[in-house]
Amino acid sequence: MSFSSDSRRKAIEINKSITASTGVQELLSVVTELHREFNYVNVATSWSKLAKLVHATKARDGGRRRHEGNKYVFELLSTKTAHKANEMKPQAVANTMWAFG
């Protein structure tokens, strides 16, 4: 097994954890725990999932609920995005931009 296949397998597992998150707090935990291992797809998927979960939460509670840790995760993802931006393929760029509405 090559390093690249190991990296790809790990990235797929991370993406499964990101997409399986059913709430903002769960996603925040995944990002906090695994961000050091993110590739560019994981970064884009995290932004997209965060946007979907925040939107769903606002729809349920009228935007009243705030999640502790959002700022920290936003900063983590922003830093990771800056580091991975030059690797991003067009779909990852589109997914990231979509998250910002």
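## Helix packing and the nonpolar core

Leaving aside its neighbours within four places in sequence, I18 is in contact with L27, V30, F38, N42, T45, S46 and K49, where contact means heavy atoms within 4.5 Å. This is a predicted model, in which local features need pLDDT of at least 70, side-chain atom pairs count only at pLDDT 80 or more, and totals for chains, interfaces and linings use all residues. Residues are numbered from 1 along each chain as its sequence is written, and side-chain values use heavy atoms, with hydrogens and water left out.

I18 also belongs to the largest nonpolar core, which has 22 residues. A nonpolar core is a set of buried Ala, Val, Leu, Ile, Met, Phe, Trp, Tyr and Cys residues joined through side-chain atoms within 4.5 Å. Buried means under 20% relative accessible area, exposed over 50%, and partly exposed in between (1.4 Å probe, protein chains only). The residues with the most contacts inside this core are I18, L27, V31, F38, W47, L50 and L77. At least two core residues come from each of α1 (3–20), α2 (24–34), α3 (40–61), α4 and α5; helices are DSSP runs (H or I, at least four residues), numbered from the N terminus. Helix α3 gives the largest share, seven residues.

| Residue | Helix | Relative accessibility | Contacts beyond four places in sequence |
|---|---|---|---|
| T81 | α4 (residues 70–84) | 16% | V43, W47 and M88 |
| T96 | α5 | 6% | A44, W47 and M88 |

In helix α5 (residues 90–99), the buried residues are A92, T96 and A99. They lie on the same side of α5 because they cover an arc of only 55° around the axis, the arc being that of the directions from the helix axis to the C-beta atoms. P90, Q91 and M97, on the other side of α5, are exposed. After α5 comes G101, whose phi is positive, near 80°.

Helices α2 and α4 pack at an angle of about 45°, with their axes 10 Å apart. Axes are lines fitted to C-alpha atoms, for helices over the stretch in contact, and angles run from 0 to 180 degrees between N-to-C directions. The angle makes α2 oblique to α4; under 35 degrees counts as roughly parallel, over 145 as roughly antiparallel, 65 to 115 as roughly perpendicular and the rest as oblique. V24, L28, V31 and T32 of α2 make the contact with N70, Y72, V73, L76 and L77 of α4.
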